[in-house]
Amino acid sequence: MKAAVARLSDSDAEVRQQATTTFASLAPGDRSSAVRMSAKLLADNDFRVRGAASRALALTCASAEAGDGAEGDVEDAMRLAAAQLEGRDWRARRGAAMTMRLLDATTRGRVDAEELDTTRVALDAVLPRLHHTDWSVRRKAVQAIATVAEGVSGSAHAVELLALAAEDVDEDVLQAVAAALPAAAPRKCKRAVALAAVLAGASLKSMRPASSRPEGRRFSKASRVSKVSGMTKLSKVSKVSKGSKMSKASKLSKGSKMSTGTIDTEGRQQRQQHPLEVRLQALAAIEDLASEGRSRSRTAIRAVAELLPDAEPEVSKAAERVMCTIGRGRRCAIDCLTKLLQHSDEKVRATAARAFRGAATLAMKERALKRTTPLICHHDPGVRAAASEAIAAFTASADQESLAVQAAA
């Protein structure tokens with residue numbers, strides 16, 4: 001087995017391929033040693049060697065069967081792969097996530113699902129790195145969570161881990177969290193939409209009608225369930241390694257880059273507004289998470305509507321673009337934009353009128369007219385002008401859509 005693992009570093013691709021196959025066939029004799037030996041090469045300077053080691057590690061774990069100690073070997077492999085996220089070589093860090101994804105893909109279903117959820121094991125192996133003192137390790141850990149979760153078409157557990165990472169105060173880490181949400185979340189995930197909305201600067205407390213059930217009760221209950229089922233019952237791979245342990249003082253220090261406040265998805269943001277780039281990335285995440293075929297949560301529309309009057313011009317412009325995308329043909333979008341037509345700021349009224357063109361489709365024309373027509377008689381001439389502009393915009397859009405339908409027929 002030592003001779004086979006040495007050949008994984010050979011310059012010839014065919015030799016490396018043969019060595020990978022040979023190594024995997026020998027691994028069942030001493031799988032634990034095989035896992036450690038192949039994992040050592042994950043930090044090699046040559047990307048070809050790292051690739052061969054990754055395949056050898058995956059094949060080694062794939063040869064395991066339920067009941068023969070497979071769970072421990074897979075956990076060890078995930079832990080060793082996740083450790084590369086803390087390596088000095090950025091190339092080895094980049095390859096760690098794909099190695100874990102390959103391990104998950106090759107071992108899923110080969111062990112007893114009740115005993116081991118390989119995707120969860122992989123995600124929990126990354127968890128300690130979210131508290132690392134180096135911001136670049138934390139950012140790479142966030143990206144690794146997205147990579148692993150994307151391999152299984154999204155994971156609710158991955159979203160909860162990203163919620164923990166969203167408490168970071170480093171701009172690069174927060175931007176990575178926002179960028180990771182669409183890939184990490186399941187196809188329809190209200191929790192991910194809510195997290196992206198808070199990162200964008202929206203207050204979830206104002207996103208639901210006053211008569212509806214309070215958001216706080218829903219999210220606090222989900223949070224309690226998550227803490228019991230996900231955060232307190234971690235496998236041994238999620239135990240914090242010696243290198244990533246942090247004292248209470250270091251967590252609060254500037255070097256640790258961890259926030260002393262929290263993101264509260266009930267609408268109580270307990271820290272300052274996020275940087276512009278983070279907010280723009282979060283809006284892009286909302287656009288993806290609430291796109292066609294994904295979540296139809298009204299939370300996304302209400303969050304974007306809240307950001308239309310934002311004092312930052314770039315955020316307001318991005319919110320208008322997102323509203324035209326996710327609000328198209330949505331009754332909630334019509335209602336939110338109608339309220340903004342009555343805003344005291346002329347620029348906000350103009351933005352809402354333009355957004356009407358994208359939101360009010362032919363099917364929504366009747367509702368849009370019902371909501372905006374009363375504003376023609378508003379006491380404020382600015383509101384009357386904005387309502388007229390909105391009616392003209394969505395009427396023209398609906399007429400064009402009607403003509404297109406007739407032409408297609």
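This briefing covers the helices, salt bridges, cysteines and selected arginines of one protein model. The model is predicted. The protein has 20 helices and 0 strands. Of its 409 residues, 50% are buried. Taking contacts between residues at least 6 apart in sequence, 73% join residues at least 24 apart.

**Helix H9**

- The buried residues are His 157, Ala 158, Val 159, Glu 160, Leu 161, Leu 162, Ala 163 and Ala 165.
- Ser 155 caps the N-terminal end of H9, with a side-chain oxygen 3.2 Å from the backbone nitrogen of His 157.

- Helix H16 has 14 residues, and the distance from its first C-alpha to its last is 20 Å, close to the 20 Å expected at 1.5 Å a residue.
- Buried positions in H16 are Val 315, Ser 316, Ala 318, Ala 319, Glu 320, Val 322, Met 323 and Ile 326.
- The cover over these buried residues includes H14, H15, H17 and helix H18 (346-359).
- H18 also has 14 residues, which at 1.5 Å a residue should span 20 Å; its end C-alpha atoms are 20 Å apart, in agreement.
- In H18, the buried residues are Val 348, Arg 349, Thr 351, Ala 352, Ala 353, Ala 355, Phe 356, Gly 358 and Ala 359.
- At the start of H18, Asp 345 places a side-chain oxygen within 2.8 Å of the backbone nitrogen of Lys 347.
- As background, an α-helix has 3.6 residues a turn, so residues three or four places apart point the same way.

**Salt bridges**

- The structure contains 12 salt bridges.
- Side chains of opposite charge can pair when their charged atoms come close.
- Arg 279 and Asp 310 form one of the salt bridges, with their closest N and O atoms 2.5 Å apart.
- This pair links distant parts of the chain, 31 residues apart: Arg 279 is in helix H14 (residues 276-289), and Asp 310 is in the loop between helix H15 (298-307) and H16.
- Both Arg 279 and Asp 310 are buried.
- Asp 288 and Arg 294 also meet in a salt bridge, at 3.6 Å from N to O.
- Asp 288 is partly exposed, with a relative accessible area of 35%, whereas Arg 294 counts as buried at 12% relative accessibility.
- Asp 335 pairs with Arg 371 in a salt bridge whose closest N and O atoms are 2.9 Å apart.
- This pair, too, links distant parts of the chain: Asp 335 belongs to helix H17 and Arg 371 to helix H19 (residues 365-372), 36 residues apart.
- Asp 335 is partly exposed at a relative accessible area of 23%, and Arg 371 is partly exposed at 28%.
- A network of salt bridges links Asp 335, Arg 367 and Arg 371.

**Arg 330: buried without a salt bridge**

- Arg 330 sits in the loop between helix H16 (313-326) and helix H17 (331-340).
- Arg 330 is buried yet has no salt bridge.
- The nearest side chain of opposite charge is that of Glu 292, 8.3 Å away, and a salt bridge needs the atoms to be within 4 Å.
- Not counting residues up to four places away in sequence, Arg 330 touches Arg 296, Ser 297, Arg 298, Ile 301, Ala 359 and Met 364.

**Arg 384**

- Arg 384 is part of helix H20 (residues 381-408).
- Arg 384 is partly exposed, with a relative accessible area of 31%.
- The side chain of Arg 384 reaches the backbone oxygen of His 378 at 2.6 Å.
- Apart from neighbours within four places in sequence, Arg 384 contacts Leu 375, Ile 376, Cys 377, His 378 and His 379.
- Arg 384 and Leu 341 are 43 residues apart in sequence, and their C-alpha atoms are 8.7 Å apart in space.

**Cysteines**

- A disulfide is a covalent bond between the sulfur atoms of two cysteines.
- A search of the whole structure finds 0 disulfides.
- Cys 332 is in no disulfide, and the nearest cysteine sulfur, that of Cys 336, is 4.1 Å away; a disulfide needs the two sulfur atoms within 2.5 Å.
- Cys 332 counts as buried because its relative accessibility is 10%, and the cut-off for buried is under 20%.
- Cys 189 counts as buried at 10% relative accessibility.

Definitions and conventions: Residues numbered from 1 in each chain as written. Predicted model: local features only at pLDDT ≥ 70, side-chain atom pairs only at ≥ 80, totals over all residues. Heavy atoms only, no water. Buried < 20%, exposed > 50% of the residue type's maximum accessible area, 1.4 Å probe, protein only. Helix = DSSP H or I, 4+ residues; strand = E, 2+ residues; numbered from the N terminus. Polar contact = N/O pair within 3.5 Å; in protein donor to acceptor, adjacent residues only side chain to side chain. Lys, Arg positive; Asp, Glu negative; His and termini not counted. Contact = heavy atoms within 4.5 Å. Expected span 1.5 Å × (residues − 1).
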